[in-house]
Amino acid sequence: MAAAAAITELTLLKPNANFPKLYRTTSRFTSVRMSASSAAKPGKKAPKTTKINESLLTPRFYTTDFDEMEQLFNTEMNKNLNEEEFAALLNEFKTDYNQKHFVRNPEFKEAADKIQGPMRQIFVEFLERSCTAEFSGFLLYKELGRRLKKTNPVVAEIFSLMSRDEARHAGFLNKGLSDFNLALDLGFLTKARKYTFFKPKFIFYATYLSEKIGYWRYITIYRHLKANPEYQLYPIFKYFENWCQDENRHGDFFSALMKAQPQFLNDWKAKLWSRFFCLSVYVTMYLNDCQRTSFYEGIGLNTKEFDMHVIIETNRTTARVFPAVLDVENPEFKRKLDRMVEIYTKLNAIGSSDDAAVVKNLKKVPLVAMLASEIIAAYLMPPVESGSVDLADFEPRLVY
């Protein structure tokens with residue numbers, strides 16, 4: 001999935017959980033394990049650990065109701081499935097335009113060695129989070145490809161080919177970590193991370209948004225650095241133009257999946273859920289990035305301007321499919337996002353203070369209420385009615 005936001009939940013009001021990173025030093029590099037438990041095996045010396053917060057903004061691993069997925073894509077039960085469209089999409093994925101795109105060169109290691117100080121750690125975090133997000137997509141798509149093989153072989157193969165893309169992205173990012181003498185232990189990560197359950201229709205909404213927002217993030221960064229090469233600190237960004245096309249194709253596939261399930265797009269509940277997931281993804285990205293302004297400033301971007309550009313373009317793209325979207329071009333929407341950033345920053349400051357847990361919780365109460373109020377107010381802003389003409393109840397007329 002996209003480096004921004006693999007699928008994201010708007011659950012900002014739950015308490016954060018801590019988890020350790022386990023570092024094992026080898027002769028070549030350090031393997032980074034992200035685990036839910038720091039217990040060492042009996043008789044073995046415990047590895048050195050560093051406690052960090054697994055923020056609710058951290059990329060998550062997802063699972064779904066695979067039995068329901070099988071029913072949704074059973075061609076005998078669902079006559080809305082456009083098999084010709086899926087066959088065309090399958091041919092597009094089989095072409096594999098990026099098969100030979102992700103080829104490294106000595107420039108990677110040379111560039112990494114030049115990045116020192118705080119910026120080095122910022123790049124490591126960027127690569128780590130992005131790798132985790134892509135690997136999360138790989139796991140979900142791989143399982144969907146396996147489970148749908150009998151029910152709908154064409155859709156199953158597309159999921160399998162998308163998992164191929166995500167694995168390629170994750171592997172490329174993990175290779176990038178090796179330039180900084182680190183590597184994520186992805187096998188361990190698969191077993192150690194907790195999985196969040198989403199119903200299939202929520203997987204569709206959230207993953208579509210994740211892939212499309214990933215496209216706009218990647219292409220915006222690529223175009224910016226092409227125009228301003230002095231900020232090209234690390235060559236991975238040169239790959240973003242082709243890379244983001246994978247994200248775009250994935251999003252188009254989920255668009256086709258949703259159109260094959262019109263019940264997810266054509267009623268009042270669909271409008272409410274569409275706005276909810278738009279808000280979830282946009283707020284999460286904005287809060288996430290505003291906690292990491294050093295990264296964006298390091299590559300010559302204004303974080304908030306970058307994010308608003310990405311949000312607006314993603315929202316315009318999403319409006320072609322979702323029955324309703326947020327009015328993100330209303331200046332009040334950005335003002336609400338900025339207020340959320342201020343509140344969230346204060347919550348983080350309280351969380352990292354030396355106060356007792358009880359005192360921290362008491363201090364957080366009014367801030368959590370303020371944050372909830374801003375989120376609800378943003379959700380209740382008058383929406384923009386939208387949706388695909390493919391699902392309209394009337395004969396569309398094009399006006400020029």
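## Alanine 372

Alanine 372 lies in helix 13 (residues 357-379); helices here are DSSP runs of H or I with at least four residues, numbered from the N terminus. Its relative accessibility is 18%, so alanine 372 counts as buried. Buried means under 20% relative accessible area, with a 1.4 Å probe and protein chains only.

Alanine 372 and methionine 340 are 32 residues apart in sequence. Their C-alpha atoms are 9.0 Å apart in space.

## Basis of the model

This is a predicted model, in which local features need pLDDT of at least 70 and side-chain atom pairs count only at pLDDT 80 or more, while totals for chains, interfaces and linings use all residues. Residues are numbered from 1 along each chain as its sequence is written, and side-chain values use heavy atoms, leaving out hydrogens and water.

## Helix 2 against helix 8

Helix 2 (residues 83-95) and helix 8 (residues 240-259) have axes that come within 11 Å and cross at roughly 165°. Axes are lines fitted to C-alpha atoms over the stretch in contact, and angles run from 0 to 180 degrees between N-to-C directions. The two helices are therefore roughly antiparallel, a term for angles over 145 degrees.

From helix 2, Glu85, Phe86, Leu89, Glu92 and Phe93 meet Arg249, His250, Phe253, Ala256 and Leu257 of helix 8. Contact means heavy atoms within 4.5 Å. By class, this contact has six nonpolar, one polar and three charged residues.

## Helix 3

In helix 3 (residues 107-114), the buried residues are Phe108, Ala111 and Ala112. They cover an arc of only 100° around the axis, which puts them on the same side of helix 3. The arc is taken from the directions from the helix axis to the C-beta atoms. These buried residues pack against helix 4 (118-147) and helix 5 (153-178).

Conventions: Buried means under 20% relative accessible area, exposed over 50%, partly exposed in between (1.4 Å probe, protein chains only). Angles under 35 degrees count as roughly parallel, over 145 as roughly antiparallel, 65 to 115 as roughly perpendicular and the rest as oblique. Ala, Val, Leu, Ile, Met, Phe, Trp, Tyr, Cys and Pro count as nonpolar, Asp, Glu, Lys and Arg as charged, and the others, Gly among them, as polar.
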